[in-house]
Amino acid sequence: MHAETHAVTRIGWLRAAILGANDGIVSTASLIAGVAAAGASQSSILVTGTAGLVAGAMSMAAGEYVSVSSQGDAEKSDIELEKRHLAADPEYELEELTLIYEERGLSRALAEQVAAELTAHNALDTHLRDELGMTDTMAARPVQAAAASAASFAIGAALPLGTVLVDRGDSLPFTVSAASLVFLAILGALGARAGNAPMLRPVIRVTFWGAFAMAATIAIGSLLGTTVG
């Protein structure tokens, strides 16, 4: 026997962390690039970027907690429903399992044997896993998701915000955009590595949409700055 580590075991926090970091980089960089293109002062840009970091991290945490909690509520509801079904009609539930195993390729006789033995071992867990696809690995963890999302957003947002301290001139919108594309490419590569996936497609995906978001924001900021000016 040998130990195996699968990427799916990290999917709960990995999804939230990648989403948070990506959103932190793109939204904060876009915000900074937009207000800089509109002609805002250095102090205003810093305040705007910092406010975006704090507000975004809190919003991501709240959003993840609420959405994953809703998933958890649905899971609890399904568990209670399955308990009632098992108590009310165990024979039907046994036949349901048998049909599931038959559809997966087992013969009728073997499917009946497997269903009977797994039901005797733990009927509820067997139905949750094989009928509903519910496992401990995929279970909702609201606090974990919220913490991962908030922390990763803050880290992601801090990267383009730090660019403001390096470039204080009119080129800031383009400097922060270029730097953020590099950050996004690194994030895509790290996410692919953590998920044991090829790196090229995730890198292209995050940089393309990041570039699109920042270009749109710079264009709007420039337009508004010119109009106001």
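Here are a few worked exercises on the core, the ring pairs and the salt bridges of this predicted model.

**Exercise 1. The rings**

Task: Work out how many aromatic pairs the structure holds, and describe the geometry of the pair formed by tryptophan 209 and phenylalanine 212.

Solution: 
- Count first: there are two aromatic pairs in the structure.
- Take phenylalanine 208 with tryptophan 209. Their centres are 5.0 Å apart and the angle between the planes is 80 degrees, an edge-to-face pair.
- Move on to tryptophan 209 and phenylalanine 212. Here the centres lie 5.9 Å apart and the planes are at 80 degrees, so this pair is edge-to-face. The cut-off you need for that step is over 60 degrees.
- Tryptophan 209 and phenylalanine 212 both sit in helix α7, three residues apart, or about one turn of the helix.
- Last, check accessibility. Tryptophan 209 is at 53% and phenylalanine 212 at 52%. Both count as exposed because the cut-off is over 50%.

**Exercise 2. A salt bridge between helices**

Task: Say which parts of the chain the salt bridge of arginine 108 and glutamate 95 ties together.

Solution: 
- Begin with the distance. The closest N and O atoms of arginine 108 and glutamate 95 are 2.9 Å apart.
- Next, locate the partners. Arginine 108 belongs to helix α4 (residues 108-130) and glutamate 95 to helix α3 (residues 90-103), so the bridge ties together parts that are 13 residues apart in sequence.
- Check how open the partners are. Arginine 108 is partly exposed at 31% relative accessibility, and glutamate 95 is partly exposed at 31% too.
- Widen the view: Glu95, Glu102, Arg108 and Glu112 are linked in a network of salt bridges.

**Exercise 3. Two more bridges**

Task: Of the six salt bridges in the whole structure, look at glutamate 80 with lysine 83 and at aspartate 130 with arginine 129. Is aspartate 130 buried or exposed?

Solution: 
- Glutamate 80 and lysine 83 come to 3.6 Å between their closest N and O atoms.
- Both of these residues are in helix α2, three residues apart, about one turn of the helix.
- Glutamate 80 has a relative accessible area of 39%, making it partly exposed, and lysine 83 is partly exposed with 40%.
- For aspartate 130 and arginine 129, the closest N and O atoms are 3.2 Å apart.
- Now the accessibility. Aspartate 130 is at 12% relative accessibility, so it counts as buried, while arginine 129, at 36%, counts as partly exposed. The cut-off for buried is under 20%.

Notes: Residues are numbered from 1 along each chain as its sequence is written. This is a predicted model: local features need pLDDT of at least 70, side-chain atom pairs count only at pLDDT 80 or more; totals for chains, interfaces and linings use all residues. Side-chain values use heavy atoms; hydrogens and water are left out. Rings of Phe, Tyr and Trp (its six-membered ring) pair if their centres lie within 6.5 Å; planes under 30 degrees apart count as stacked, over 60 as edge-to-face and the rest as tilted. Buried means under 20% relative accessible area, exposed over 50%, partly exposed in between (1.4 Å probe, protein chains only). Helices (H or I, at least four residues) and strands (E, at least two) are DSSP runs, numbered from the N terminus. A salt bridge is a side-chain nitrogen of Lys or Arg within 4 Å of a carboxyl oxygen of Asp or Glu.
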